[in-house]
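Subject: Structure for you to look at

Hello,

Here is the structure I promised. Please open it and follow along with the notes below.

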Amino acid sequence: MYDYLVIGAGVIGSMVARELSKYQCNILVLEKENDVANVQTLANSAIIHAAYSSKPGSLKSVLNLKGNIMYDTLEKELNIPLLRSGAYVVAHDLREEKELERLALNAKDNGVDDFEILDYKEAIKTEPNLSSDVTKVLSLPTTKVTYPWEVAFAAMENAIINGVTLKLNSAVTKIEKVEGIFKVTVNNQEVYESLNVINAAGVASDDIAGLIEENPEFKIKGRKGEYFVVDKRAQSFVNHVLYPLPSESGKGVLVTPQVHGEVLLGPNSKWTDDKYHPSTSYEGLDYVKKNSLR
């Protein structure tokens with residue numbers, strides 16, 4: 001019998017397991033892949049955002065700010081990589097400059113205490129390859145970059161040292177609650193019992209919720225993002241995370257320096273009917289190439 005059963009060993013599941021391991025309880029983590037952090041945690045922009053674009057007062061804005069601060073502690077406790085690059089959100093004309101001003105006020109309302117708007121001459125002092133059609137930037141010095149794969153591994157290793165059990169290649173196929181006890185079936189074979197279940201299954205979270213509830217309150221629709229990874233020879237080309245102005249599709253096509261010297265270009269953002277399909281496309285990558293260096 002376990003006190004807590006965590007489904008999913010991405011960066012969230014690994015961090016949850018580590019936090020629970022600080023207490024006197026019996027914890028099991030189930031991961032359907034053959035290693036930790038093999039899905040969403042492995043393939044994203046790796047940015048620890050400043051809370052500049054989320055709606056003030058929303059849960060996202062609160063957690064964004066707390067998470068940004070938390071990574072300074074995690075760097076020391078888990079010896080994870082952390083690049084304090086800062087970020088520039090760029091504007092190209094008066095209309096976009098007004099949007100920068102709105103985002104700056106938004107950042108202030110969210111509790112971000114370090115930001116400023118710079119003109120082009122000021123910005124190119126630290127970002128000399130910035131496009132010449134940029135007029136102003138919103139500077140967000142608290143933006144950081146990490147490597148989520150290493151964060152998840154460090155957290156899970158710490159959790160295991162503290163007594164957590166991790167089982168890989170363990171897809172949850174059935175969940176029943178009988179007399180207050182969750183009976184969780186793995187690979188249609190083994191059954192584990194737990195007093196509590198924590199759903200950290202990423203894009204499969206709604207499917208896992210559907211094993212427990214007849215009508216889950218949420219449904220995840222897949223949105224695909226595609227990237228180019230430019231090798232370390234481009235390391236000095238960009239110093240900050242470079243954002244376009246955000247849109248309904250997200251934060252846009254970014255240029256992101258990575259902790260180990262590479263530069264990431266992307267992502268695009270495209271709805272997909274198959275949220276589990278990791279393929280890339282010529283059209284998607286062409287879009288990234290055309291829109292990443294404005």
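Start with Leu-83. At 29% relative accessibility, Leu-83 counts as partly exposed, because that class lies between buried (under 20% relative accessible area) and exposed (over 50%), with a 1.4 Å probe and protein chains only.

A word on the source. This is a predicted model, where local features need pLDDT of at least 70, side-chain atom pairs count only at pLDDT 80 or more, and totals for chains, interfaces and linings use all residues. Residues are numbered from 1 along each chain as its sequence is written, and side-chain values use heavy atoms, with hydrogens and water left out.

Back to Leu-83. It sits in the loop between H2 and strand E4 (87–91). Helices (H or I, at least four residues) and strands (E, at least two) are DSSP runs, numbered from the N terminus. Lys-144 is 61 residues away along the chain, yet the two C-alpha atoms are separated by 5.6 Å. Beyond neighbours within four places in sequence, Leu-83 is in contact with Thr-143, Lys-144, Val-145, Pro-257, Gln-258 and Val-259. Contact means heavy atoms within 4.5 Å.

Next, helix H1 (residues 11–20). Of its 10 residues, 7 are buried. Among them are Val-11, Met-15 and Leu-20. Their cover includes strand E1 (2–7), helix H2 (59–78) and helix H5 (148–161).

Last, helix H6 (residues 205–212). Its buried residues are Ser-205, Asp-206, Ile-208 and Ala-209. They cover an arc of only 160° around the axis, so they lie on the same side of H6. The arc is that of the directions from the helix axis to the C-beta atoms. These buried residues pack against E1, strand E9 (172–178) and E11.

Best wishes
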